[in-house]
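Subject: Handing over a structure

Hello,

Here is the structure I promised to pass on to you. Please have a look at it first, and then read my notes below.

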Amino acid sequence: MAMPRLHPRTIEAVKERADIVDVVGEHVVLKKKGREFVGICPFHDDSKPSMTVSPAKQFYYCFSCGAGGNSIKFLMELQRQSFGDVVLDLARKYQLPIETVEGPQQERLKQQLSRRDRLHRALALAAGWFRSQLKQPVGAEALAYLRESRGLSEATLESFELGYAPDQWDGLLSHLQQVEGMPPELLEAAGLVVPRKGGNGFYDRFRHRVMVPIRDRQGRVIGFGGRSLDGSEPKYLNSPETEVFEKGKHLFGLDRAANPIRKDDRAVVVEGYFDVIALHAAGITNAVASLGTALSSQQITQLCRCSDGKRIVLNFDADGAGVRAANRAIGEVEQLALQGQLELRVLHLPSGKDPDEYLKEHGAGDYRALLDQAPLWLDWQIEQVLEGRDLAKADQFQQAVAALVQLLGKLPQSAIRTHYLQQVAERLSGGQGRVALQLEDDLRQQVKGQRWHGRSARFEQPGESSQRERCEAELLRLYLHCPSHRGVIRRELRQRELEDFGLQHHRLLWSAISELEETNLDAGQLEAISRGEDPGHALADLDLPRLLTDQLILENSALVSRLTPLLEPGELQMLALANPIQQLRGTAAMLERQKSIKRCRHLLEAWGGQRLETLERCIASLISQVQPESDVAIDMEARIQTMFEELNADALRFQDLYYSERKHLAHLDQQRCAGYTVSAIPQTDALPPAA
């Protein structure tokens, strides 16, 4: 259907309503600078904030590439949409009346908007019904849990409009059908009911759970979080993604926390609904929570829009899952933090408590004091590397140094890198001054030579990304469907540093696998398996494909279709798993080989960029320095060689690293050939020879 011609009144209403800072700020992290805002331009490869956004002029302009215009022009360029599509999307977003020149088309548009309105109404009515059930005799257990176990006051219950879903198959369904006259198909679209497997009717999604309404920035109910009361799994059940609810785009509590975040110029991000509720009840109202997923870049952008200083504190649980969640969130904003576009800190409460537990024992004052002392993200990651390691043991000392070099290699060459090099050297030396100076110099050389670790897309050739996707998929398929070899696979991934899967849907699947295994074993045992200290026989008892399918259908149904070939492989794919250990080593070697090739390209470029001082210049320099003496000729050759090596230290180091990496590449090729047929091995490396 052709786009209807929009009435000029609609266009003007959109222009008036769509604030340039709000529109651009949804896609770019903006930082206030005087009366204007600055950010990194999305229209060219930019590393410094060169785009200015003016609220007074309602205009943006990039001083590097010349892009500029109003909010509509920005979205047209960014999303590659037509003028009409952008205006229509903005009108829907801001709930502005849409007028078109053609009557029938206008009616269709009204029907589309009307469906979203009906979904919001269904969810609002459901929230009201859940709230009423909490006050009925049927909700006595849930009310006691909230008041006694959670310690929530009546005012807090009312403020967050908490409710209860009775232990009935169709309590909500019957109410909304019979009393409100809503069709079950609409309730299914809202995520409130689930169709029966036989196709003969529906049943309530939430049963015997404390219900927490989830709202958007406008305060409209868009979904629910349900907490189990009888120990049934999952402990927390979220609404599925719907037309009005996308988990990665919303934050629990942001509708009421936005203004306090602006006032405090700081956002606190916690893991659970009840952590947010407890913090707000204690007067710490700038707290929000992610919705059962890793904190996304879109969620972080929303928080940055609320804080002029772009200050965010992550307060996740101190267990393995919480540490992984914090590291994933750091990964989303690492580049922005390194460029000074936001201030990211990480708070882990003493004794591994979550905010709700800590507040009950210590109170809001102590919590605020800890917030003020929360370390910067890099300081926290350094502590994570050093925690639990005995630096007196050579192997653990080397592991710590390798991990710290990898962390510090992310920092640009600046005073801040020098600061962290000194700090880390001091920690590693145990306070011994002379040792600290030597360690600092060693760390500086390692960081300089290993600033890049084989993950950058800049050194990737065409076709390598699809090859990486195939290899990652093979490893995950092996893990899922060869349960007796899971311990070996985990050790192989750890030894080759391949646990950070490159594709997002593979990372999400691996994270879900690890969380399931931690739930059934424990984080310590899983870590011991990865390190090779435990054979991992217990992993074979888990029916991961079934458990993952059930979990993903409940929590992320959109991901299930993407992962179906891994969870339910075909007959041909199962035949390919006949020699799992051979395939594991060949596939893992192929993935490590990709990273090694990119490292070689990086080192070759770094080597080629060094200015080489010739032997002739070294001889000339020495002759000008040395007085004619009888013994000069005896040690001149050694002195020339020493000067040559000193002047060309960086070039020689990059040369050594490059050839070392080439040797490692040859070793990987031997492993790869052992696990692959000749036809599976690429004939070219796409790697230039050494200069």
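This is a predicted model: local features need pLDDT of at least 70, side-chain atom pairs count only at pLDDT 80 or more; totals for chains, interfaces and linings use all residues.

**Aromatic pairs**

Searching the whole structure turns up 16 aromatic pairs. One of them joins Phe43 and Tyr60, with 6.3 Å from centre to centre and 35° between the planes, which makes the pair tilted. Phe43 is in the loop between strand S2 (36-39) and strand S3 (51-54), while Tyr60 belongs to strand S4 (residues 59-62), so this pair ties together parts that are 17 residues apart in sequence.

Another pair is made by Phe130 and Phe224. Their planes stand at 85° and their ring centres are 5.2 Å apart, so this one is edge-to-face. Because Phe130 sits in helix H5 (residues 103-134) and Phe224 in strand S10 (residues 221-228), the pair ties together parts 94 residues apart in sequence.

**A cluster and a patch**

Phe43 and Tyr60 come up again in an aromatic cluster, together with Phe59 and Phe74.

**Charges over rings**

Which rings have the charged end of an arginine over them? One is the ring of Phe274, where the charged end of Arg150 sits 4.3 Å from the centre. The other is the ring of Phe160, with the charged end of Arg256 at 4.1 Å from the centre.

**One histidine**

Finally, is His250 buried or exposed? His250 has 17% relative accessibility and the cut-off for buried is under 20%, so this residue counts as buried. His250 lies in the loop between strand S11 (236-238) and helix H10 (254-264). Leaving aside residues up to four places away in sequence, His250 touches Asp216, Ile222, Val244, Phe245, Leu291, Gln299 and Gln302.

Enjoy exploring, and do write back with any questions.

Best wishes

Methods. Residues are numbered from 1 along each chain as its sequence is written. Side-chain values use heavy atoms; hydrogens and water are left out. Rings of Phe, Tyr and Trp (its six-membered ring) pair if their centres lie within 6.5 Å; planes under 30 degrees apart count as stacked, over 60 as edge-to-face and the rest as tilted. Helices (H or I, at least four residues) and strands (E, at least two) are DSSP runs, numbered from the N terminus. A charge sits over a ring if NZ of Lys or CZ of Arg is within 6 Å of the ring centre and within 35 degrees of the ring normal. Buried means under 20% relative accessible area, exposed over 50%, partly exposed in between (1.4 Å probe, protein chains only). Contact means heavy atoms within 4.5 Å.
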